[in-house]
Amino acid sequence: MLKALRGTKDILPEDVTAWQYIEKSARDIFAIYGYKEIRTPIIEEASLFIRSIGGATDIVQKEMYVFTDRGGRTIALRPEATASVVRAYLENSIGSREGLAKLFYIGPMFRSERPQKGRQRQFHQLGVEAVGSDNPLLDVEVVALAVRFLEKSGLGGFSVKINSLGCKKDKAAIIEKYKKIIKPYLKSLCNECKERSNKNVLRIFDCKNPKCNEIIKGIKLTAALCKDCASHFEAVKKGLEGLGIGYVVDPKIVRGLDYYTKTVFEIIYEGLGAKDTICAGGRYNSLVKEMGGKDTPAIGFAFGVERLILAGQKSVCPTESGVDVFMAIAGQDMEARAFTLMSSLRGKGLSCDMDYEGKSLKAQLKKAERLNARFVIILGEEEFGRGKVVLRDMNKRSQCEVDIDNIINML
Ligand code: ATP
Ligand code: MG
């Protein structure tokens, strides 16, 4: 038998309710904050991600699905959406039409990683990108949006960690400084980190290896920002405090991707085990220009939806809702009549279903229970002859005869 690819998952009907709940919650709050949905293609030129995310990152070096199509083009399944959104922003001149563009997306991303709990090869992200302003209040808005989304979804028990990498110049200095700081520890770190020390030292602080983690925990980091970046960061912190949003400044939040500058942040959900980062984001003030646009500051975040669902499963995500009415057929000629009545009820907007498998009445009633039906209409020949059907109220566990002509109004 054929099976789904390793690291990919079917989202079955019984699980979909939780997904829809999270998605609706996100859409509602994004609308309140003025973010509009954008849907970009899943496939893009691979160079889009190599250029933006950075050639020395794990995503590009190890995780990206890249293939050559029939026309000889090098194509990637998107590993994340920021680069795609910026590409779409430039290609469609969204900035010149709207000024600051506030966009959100929800959809699948692809990374060839070792699958485990909270880590898949096809996973989903929902995120926002605000392109076109360096105002620190926008940083505050974006972090607040992420926090309010969690609160609105009933997902308590998280913490916000923020940091600033400063402007390009600051970031370069931080990288040089951290290279020196990390040097004495290098021999104890994993082979990948040894490589990272030259190519992408920041990613060392994001290493998933438990041994590296332990060592990194013991290292104290301090970074100096230029005057502008320091005051930007102060304004962000003050803004968060003004909104009553708790946060911790953590110099080890560095985000490994090349495009990040200034504010970076992560939201950690306690109780998710090792894969406890449910949201990551930050400013990327030079990306738009690097991709061929004007100098355009921007900021965004992405939530991992699978991890949101894991976090919310036990508490908040609702389970499947039931149908309004199930039609039970209790007589030979009743099938067609049940079908007609069901069509009328559906026409009035009631959710209805019936048996198509020739089940016994007992089995049909069982099915009605399984479908969590609010009412069951039982169509028996004798009652039908008298212009009546039996209406069973599944909550009250009671039933009565009702005129067929009246049933639609009644329900
Ligand atoms: P991690 O450190 O867990 O590998 P990352 O730094 O690679 O995450 P980002 O690129 O910042 O992750 O993506 C943002 C969010 O998307 C993560 O915080 C996480 O919730 C989710 N995410 C990333 N990769 C996966 C994956 N393979 N499976 C499920 N969710 C993922
Ligand atoms: Mg990763």
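The model is predicted. In it, 17 residues surround ligand 1, and Ile42, Ile43 and Phe67 make up a nonpolar patch on the surface.

**Who sits around ligand 1**
- Among the 17 surrounding residues, the closest are Arg111, Glu113, Gln120, Lys208 and Arg255.
- Sorted by class, the shell around ligand 1 holds seven charged, five polar and five nonpolar residues.
- Three strands, β6 (122-131), β10 (277-283) and β11 (298-304), each contribute at least two residues to this shell.
- Strand β10 gives the largest share of the shell, with four residues.

**Polar contacts and cover**
- Gln120 approaches ligand 1 through its backbone: an N or O atom there lies 2.8 Å from a nitrogen atom of the ligand.
- For Gln125, a polar side-chain atom is 3.0 Å from an oxygen atom of ligand 1.
- Arg307 also has a polar side-chain atom by an oxygen atom of ligand 1, at 3.1 Å.
- On its own, ligand 1 has 580 Å² of accessible area, and the protein covers 95% of that.

**The nonpolar surface patch**
- Together, Ile42, Ile43 and Phe67 have about 240 Å² of accessible area.
- Phe67 belongs to strand β3, which spans residues 66-68.
- Phe67 counts as partly exposed because its relative accessibility is 35%, and that class lies between the 20% limit for buried and the 50% limit for exposed.

Notes. Residues numbered from 1 in each chain as written. Chains lettered and ligands numbered in written order. Predicted model: local features only at pLDDT ≥ 70, side-chain atom pairs only at ≥ 80, totals over all residues. Heavy atoms only, no water. Patch = residues over 30% accessible without salt bridge, like charges linked within 9 Å, V, L, I, M, F, W, Y side chains within 5 Å. Areas by Shrake-Rupley, 256 points an atom, 1.4 Å probe, with all protein chains shown as cover. Salt bridge = Lys/Arg side-chain N within 4 Å of Asp/Glu carboxyl O. Buried < 20%, exposed > 50% of the residue type's maximum accessible area, 1.4 Å probe, protein only. Near = heavy atom within 4 Å. Polar contact = N/O pair within 3.5 Å; in protein donor to acceptor, adjacent residues only side chain to side chain. Nonpolar A, V, L, I, M, F, W, Y, C, P; charged D, E, K, R; others polar.
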